[in-house]
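Open the model in your viewer and keep the sequence beside it.

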Amino acid sequence: MSRPGTATPALALVLLAVTLAGVGAQGAALEDPDYYGQEIWSREPYYARPEPELETFSPPLPAGPGEEWERRPQEPRPPKRATKPKKAPKREKSAPEPPPPGKHSNKKVMRTKSSEKAANDDHSVRVAREDVRESCPPLGLETLKITDFQLHASTVKRYGLGAHRGRLNIQAGINENDFYDGAWCAGRNDLQQWIEVDARRLTRFTGVITQGRNSLWLSDWVTSYKVMVSNDSHTWVTVKNGSGDMIFEGNSEKEIPVLNELPVPMVARYIRINPQSWFDNGSICMRMEILGCPLPDPNNYYHRRNEMTTTDDLDFKHHNYKEMRQLMKVVNEMCPNITRIYNIGKSHQGLKLYAVEISDHPGEHEVGEPEFHYIAGAHGNEVLGRELLLLLVQFVCQEYLARNARIVHLVEETRIHVLPSLNPDGYEKAYEGVAAETRAVIAWMEKIPFVLGGNLQGGELVVAYPYDLVRSPWKTQEHTPTPDDHVFRWLAYSYASTHRLMTDARRRVCHTEDFQKEEGTVNGASWHTVAGSLNDFSYLHTNCFELSIYVGCDKYPHESQLPEEWENNRESLIVFMEQVHRGIKGLVRDSHGKGIPNAIISVEGINHDIRTANDGDYWRLLNPGEYVVTAKAEGFTASTKNCMVGYDMGATRCDFTLSKTNMARIREIMEKFGKQPVSLPARRLKLRGQKRRQRG
């Protein structure tokens, strides 16, 4: 079935390829291809790099090919370009210049000690004394673990540019209006401006990540800054560079995040960023994340409230391509009777697109058993979905072995397919090579009679359902429902309502959109139009109902946050799979009991048909109610019956037996005896020819 503004099958394939190309362009560069085909499928997180020892101050790291992030040395220099602070050039000149990298290493150790001594002279702040730097995770500005009430600033330009908008990777609204802008911006451009974070408990601060303002029209970023810490928000200690205040080098453009590590960790409750220079033609604007390890304090209310633990014994870490394959192998060895690893094709770079099948009869389609899939990793820089799916296959395996009745029933009644990484090549050559992944996923979708699927994405907390393409070509946002809109709304709500945060009215929105009015769900086209999306392609050209599930504000959370993200999504992932058993199912057979493939199943009042699989079995997702259903196939007489869908989980059985039409039976008899039906016009011509020959 089609609609105005949708693509034909051929065009849809091309549009899906373009969509995946755009998706891949958001990822990161590939690693050395000789390293077992290992990949970087997204920007490596700024806090995930190995931490150097305090005594070895590393020089600036050269950017690798396609590298999309920057890491500043521990002793950054003030910017050399014309980005001096306006009206205060002397301040910047007073900052001591560090010696060239790699020289005078003993002096660097002395500077560390002197900064430690300077901090110890003030009793409000302690400096962490460690021989090896501890790798600390982000406090949670990007993930919203840090609330708006914990962010403060000296001045703000307006409310939409307040301290609460100074979060790493936050996006401005379409109009960059007063409520949703893309950074904190100071009300004045001078050296007395600052933005601070109240960690609400003693924290070992180890680094700062900064960005400029997210804006289509303006160029605003901070090029250098100081860092100060405090325990009471009144007495502040500035991070030192020898005997003087340390000037950290900031951003050189507005989107690439820049990490600066503190020369030694600082223990305090508050941390403040004090801009010292900014882009000449812009203003003091920045987004940021703070790296820090909260110190244990069981009596601290905020610590207890924000603490998240899980009882699941799973591998909570980020997995590269090689590690992903190894994890799949481990799960397969643990549960060989219900798992199978296979690939649906190869990426442009030759990496196999691995999937895990979970079923009580892996490797075969069981008649009457619905097929479900999860896909992740389409966007190269959105890796949370990938890790959630790897956690899911581990969890299902473990719970099946433990004879968890719910999981056992799901595995025995459903054939589940999990594709954790659709775009393993990431950013590098994405536009050139994405056709391979597109062809592979389309062939996969056409080969297996999927009933329901979800593609996991990141950067938001919402479930989007089709259509994703607006009907009006001149609009970018327009509510565009499918004929199965009520079914899609229920499917989306089943995930959102069981997620720990999606329907929480108290939670802060990720960027600009507030999806609470639709209970954490949204029609894709009413949000932002997408041509040739996987959701639209699945609905228009296969039997599958596909939804996009945005599983978290942070596309690439720190490993320490994976247990919490798993707890947020675990129940939703299972509940959504269970929805594949909602509606009607059955067999369409001929009078001899043989299944009829490709028969059409129509529901009165819903302008969207599905077709039977090779064995004549079908599944039609429907909400509770009574439906008039018709089965028809070429050469057969159509059959219609009433089918009731109840509220209890489990599809209603609704079988059809079709009789052959008279003409079909005649053809069948004639073909059986090696003859064809007589064509009367041809017979007349033949007789006329015989009569002419007789006369002659």
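Select Cys335 and Cys397 and look along the S-S bond. The torsion there is about 90°, so this disulfide is right-handed. A disulfide here is a pair of cysteine sulfur atoms within 2.5 Å. For Cys335 and Cys397, the S to S distance is 1.9 Å. The pair links distant parts of the chain, 62 residues apart. Cys335 sits in the loop between helix 5 (321–334) and strand 13 (339–346). Cys397 belongs to helix 6 (residues 384–401). Helices (H or I, at least four residues) and strands (E, at least two) are DSSP runs, numbered from the N terminus.

Before moving on, note what you are viewing. This is a predicted model, in which local features need pLDDT of at least 70, side-chain atom pairs count only at pLDDT 80 or more, and totals for chains, interfaces and linings use all residues. Residues are numbered from 1 along each chain as its sequence is written, and side-chain values use heavy atoms, with hydrogens and water left out.

Buried means under 20% relative accessible area, exposed over 50%, and partly exposed in between (1.4 Å probe, protein chains only).

Next, select Cys185 and Cys285. A disulfide joins them, with S to S at 1.9 Å. The torsion about their S-S bond is about 115°, so this link is right-handed. Cys185 is in strand 4 (residues 184–185), and Cys285 is in strand 12 (residues 285–294). The two lie 100 residues apart, in distant parts of the chain. Cys185 is buried at 0% relative accessibility. Cys285 is also buried, at 0%.

Now go to Cys643 and Cys654. Their sulfurs are joined at 1.8 Å. Which hand does this link have? With -40° about the S-S bond, it is left-handed. Cys643 lies in strand 26 (residues 639–645). Cys654 lies in the loop between strand 27 (652–653) and strand 28 (656–658), so the pair ties together parts eleven residues apart in sequence. Both cysteines, Cys643 and Cys654, are buried.

One more stop: select Cys544. Cys544 is buried, with a relative accessible area of 1%.

How many does the structure hold? There are five. With the bonded cysteines of the protein chain numbered in sequence order, the pairing reads 1-4, 2-3, 5-6, 7-8, 9-10.
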